[in-house]
Amino acid sequence: MGRLKIYMAPLQGLTEAPYRNAFEKHFGGVDVYYTPFIRWEHGGLRRKDVRDLHPDANKVGHLVPQIIAASAEEAELILDQVVSYGYQEVDLNMGCAFPMLVKKGKGCGLLPEPERVRGLLQVVERYPDISFSVKMRLGYENAAECMELLPVLNETRLSRVVVHARTGRQQYKGVCDREAFLRFARECRHPVVYNGDVTTVEFLSELQRGMPFLEGVMMGRGLLAAPWVAIEYHEGAAWSMERRMSSLRALHADLLDHYARTLEGGEKQLLTKMKAFWEYIYPEGDRKCRKKIHKAQKVADYTQAVFQLLSGY
């Protein structure tokens, strides 16, 4: 039985190039990284998206830019910039459940309307030299929506379909519907990747045994919480806690150094940026240390609290 491919999910504001580069350097085990979605806004691409997309900023082996658009025409505006950087693979986001974007008919706001999905996917034929994948949910209101989309997806040239086994209404709450995912995957003609609450090597192995047809698994919050999971699955052996924490300290040090050099808003902006990661990272760590991290008002106090947390296992 072959090993599942591991895909790093895109998380806005977190899995940007500095994080991806540090992760690859200190952990690894990820086969494919996705950028947080790139969107057309106020007549162009956001500057931060362009920086994150630029090849010079990325040191990982396989990076897939993800774009979000409501129509093929809007997608083309974004793709012209993406293609100019030499990328030959692009993912179309049909899974974002952020209400503001859903109201604009983007992300999983598309899922209840197969004809609008068909319209967006017309962009695939306009770029015959580009490989396209889709990241989606089971639906927006309910899991029946993904089944209604199957004829549209099956007739489109796609390299894979990544499915988060929740609806848009659920956001990230409640349980994943693995039965609905299975119904979809059995009838999908493209390689399928499972996404949703993948947090342990044991769960990866369970998916590998129970769904041998899977091409791979996408991990988001689970890989932020325990960044050693992918490499331990790849190597077939658990790391010691000392090695896990040593690598996490090194990853954190790289991120802190990068943002200290590049952010221009002083200590306050740097602390805001770094604290955002601790919503997910190492949640089982000492509660008092985590509280100190979130309360820190100076970088020196913050770094001391992080050191205590990652050395006190």
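Visitor: Which element gives the most to the lining of the largest pocket?

Guide: Rolling a probe the size of a water molecule over the atoms shows where empty space is left. In this predicted model, helix H4 gives the most to the lining of the largest pocket, namely 3 residues.

Visitor: What is the volume of the largest pocket, and which residues are the closest to its centre?

Guide: The volume is about 800 Å³. The lining has 37 residues, and those closest to the centre are Pro10, Leu11, Gln12, Arg137 and Tyr172. Two or more lining residues come from each of strand E7 (89–94), helix H4 (99–103), E8, E9, strand E11 (216–219) and helix H9 (221–225).

Visitor: What is the order of the strands in the open sheet?

Guide: The 9 strands follow the order E5-E2-E1-E11-E10-E9-E8-E7-E6, and the pairing is parallel. Strand E5 (63–64) and strand E6 (66–67) are at the edges; each has a single partner strand, so one side of each lacks a neighbour in the sheet.

Visitor: How many bridges pair strand E1 with strand E2?

Guide: Strand E1 (residues 5–8) pairs with strand E2 (residues 32–34) over 2 bridges, in the parallel sense. Opposite valine 32 in E2 stands tyrosine 7.

Visitor: Which strands does helix H1 lie across?

Guide: Helix H1 (residues 17–26) lies across E1, E2 and E5, and runs at about 160° to E2. Helix H7 (residues 178–187) also packs on the sheet, where it touches strand E8 (131–139), strand E9 (160–167) and strand E10 (192–195). The direction of H7 makes about 170° with that of E10.

Visitor: Is H1 mostly covered or mostly uncovered?

Guide: H1 is mostly covered, with 8 of its 10 residues buried. Buried here means under 20% relative accessible area. The buried residues of H1 include Arg20, Asn21 and His26, along with Ala17 and Phe23. Just after H1, glycine 28 has a positive phi of about 80°.

Visitor: Which residues touch the most other members of the largest nonpolar core?

Guide: In soluble globular proteins, nonpolar side chains tend to be buried together. The largest nonpolar core here has 103 residues, and Phe132, Met136 and Phe181 touch the most other members. Leaving out residues up to four places away in sequence, phenylalanine 181 touches Leu138, Val163, Ala165, Val192, Val193, Tyr194, Met211 and Leu214. A second, separate core has 8 residues, among them Ala9, Tyr34, Val162 and Val193.

Methods:
Residues numbered from 1 in each chain as written. Predicted model: local features only at pLDDT ≥ 70, side-chain atom pairs only at ≥ 80, totals over all residues. Heavy atoms only, no water. Pairing = 2+ DSSP bridges. Helix = DSSP H or I, 4+ residues; strand = E, 2+ residues; numbered from the N terminus. Contact = heavy atoms within 4.5 Å. Axes fitted to C-alpha atoms, helices over the stretch in contact; angles between N-to-C directions. Core = buried A, V, L, I, M, F, W, Y, C linked by side-chain atoms within 4.5 Å. Buried < 20%, exposed > 50% of the residue type's maximum accessible area, 1.4 Å probe, protein only. 1 Å grid on protein atoms, 1.4 Å probe; cavity = no way out; pocket = protein on both sides within 12 Å on 5 of 7 lines; lining within 4 Å. Points joined across faces, edges and corners; volume = space filled by probe spheres on them.
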